[in-house]
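Work through these exercises with the sequence and the 3D view open. Try each task before you read its solution.

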Amino acid sequence: LEAVHDLEQDIETVQSDIQEARVDLKRLLDRDLRNQGFKRIDETYYRLNDPKPLSDAWRIGIRPVDVSAGHGIDRYVTTQQTDIGSESTKLDVSAIVERLESGDPHLLLGRPGAGKSTFCRMVIDQWEAKSRGTIFFRKSGSANLDSPGTLIDAIRNAEGHVLVVVDDAARPESRQIYEVAYEFRNDTEVSFLLNARYNEYADFEPTIARETDLSRELNAYMEN
């Protein structure tokens, strides 16, 4: 019995050491991710960040935690109807979340100020509320994404169904997100939600430094 007790203690010690190693790895990955402009959105993020007053949130820039406080505003798109003219249809956050849960990548295009970023934050908030899995979020104006391997490693070590959200994904500082998306193109437990301005995406070449064949594959992948 004493031997069994000692074995149980050894197992508990090993489990504790493994958990500590996981925490240390997460800290290292998060540090490197921040250098690439990414932030991990999870329960800890919501616990450590308080929502700003509505006026401040919209003036400074709305965050996922502000959306959770009810500061998000529904977004609409105009659709052309042949019989009754045009009408506005609300973008359905739940519908997009369901599609992302199936592993399909989504690229949201629109004019400046149309609400692309806010809509993506609403998706982030619902994804976290449903406890689907880890979220990696990169807002507009972040540091250059010049080490895609850092994000790839973080995704592979993340828990649950991973959601990667990137603002202004057609800008030069974000272009390598397409290489990351291509890396996980066959993984239904990793989803990508990107947004971009119409004019910037029209002139965008995701992989200028890559071979032409791979560039075509990436373009085809994001157009599906």
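## Exercise 1: The sheet

**Solution.** 

Step 1. Know what you are looking at. This is a predicted model, in which local features need pLDDT of at least 70 and side-chain atom pairs count only at pLDDT 80 or more, while totals for chains, interfaces and linings use all residues. Residues are numbered from 1 along each chain as its sequence is written, and side-chain values use heavy atoms, with hydrogens and water left out.

Step 2. Helices (H or I, at least four residues) and strands (E, at least two) are DSSP runs, numbered from the N terminus. Two strands pair if DSSP finds at least two bridges between them.

Step 3. Count the bridges. E4 and strand E7 (residues 190-197) are joined by five bridges and run parallel.

Step 4. Widen the view. The open sheet has five strands, ordered E1-E5-E6-E7-E4, with mixed pairing. Its edge strands, E1 (38-41) and E4 (106-110), each pair on one side only.

Step 5. Strands of a sheet pair through backbone hydrogen bonds, either parallel or antiparallel.

## Exercise 2: Helix H6

**Solution.** 
Step 1. Recall the rule. The expected span is 1.5 Å times one less than the number of residues.

Step 2. Apply it. H6 has 14 residues, so it should span 20 Å. Its end C-alpha atoms are 20 Å apart, which agrees.

Step 3. Check the cover. In H6, 11 of the 14 residues are buried. Among them are Phe119, Met122, Val123, Ile124 and Trp127.

## Exercise 3: The nonpolar cores

**Task.** Which residues touch the most other members of the largest nonpolar core?

**Solution.** 
Step 1. Define it. A nonpolar core is a set of buried Ala, Val, Leu, Ile, Met, Phe, Trp, Tyr and Cys residues joined through side-chain atoms within 4.5 Å.

Step 2. Name the residues. The core has 25 residues, and Phe38, Phe136, Leu151, Ile155, Val164, Ile177 and Phe192 touch the most other members.

Step 3. Name the elements. Helix H7 (148-156), E6, H8 and E7 each give two or more residues to this core.

Step 4. Zoom in on Ile155. Contact means heavy atoms within 4.5 Å. Beyond residues up to four places away in sequence, Ile155 touches Phe136, Val162, Val164, Val180, Phe184, Val190 and Phe192.

Step 5. Look elsewhere. Apart from this core lies another, of 22 residues, including Ile41, Leu100, Trp127 and Phe137.

## Exercise 4: Around Arg63

**Task.** What is Arg63 in contact with, leaving aside neighbours within four places in sequence?

**Solution.** 
Step 1. Locate it. Arg63 lies in the loop between helix H3 (54-60) and helix H4 (64-71). Its relative accessibility is 22%, so it counts as partly exposed.

Step 2. List the contacts. Arg63 is in contact with Tyr45, Asn49, Asp50, Pro51, Lys52 and Arg121, its neighbours within four places in sequence left aside.

Step 3. Follow Tyr45. At 6% relative accessibility, Tyr45 counts as buried.

Conventions. Buried means under 20% relative accessible area, exposed over 50%, partly exposed in between (1.4 Å probe, protein chains only).
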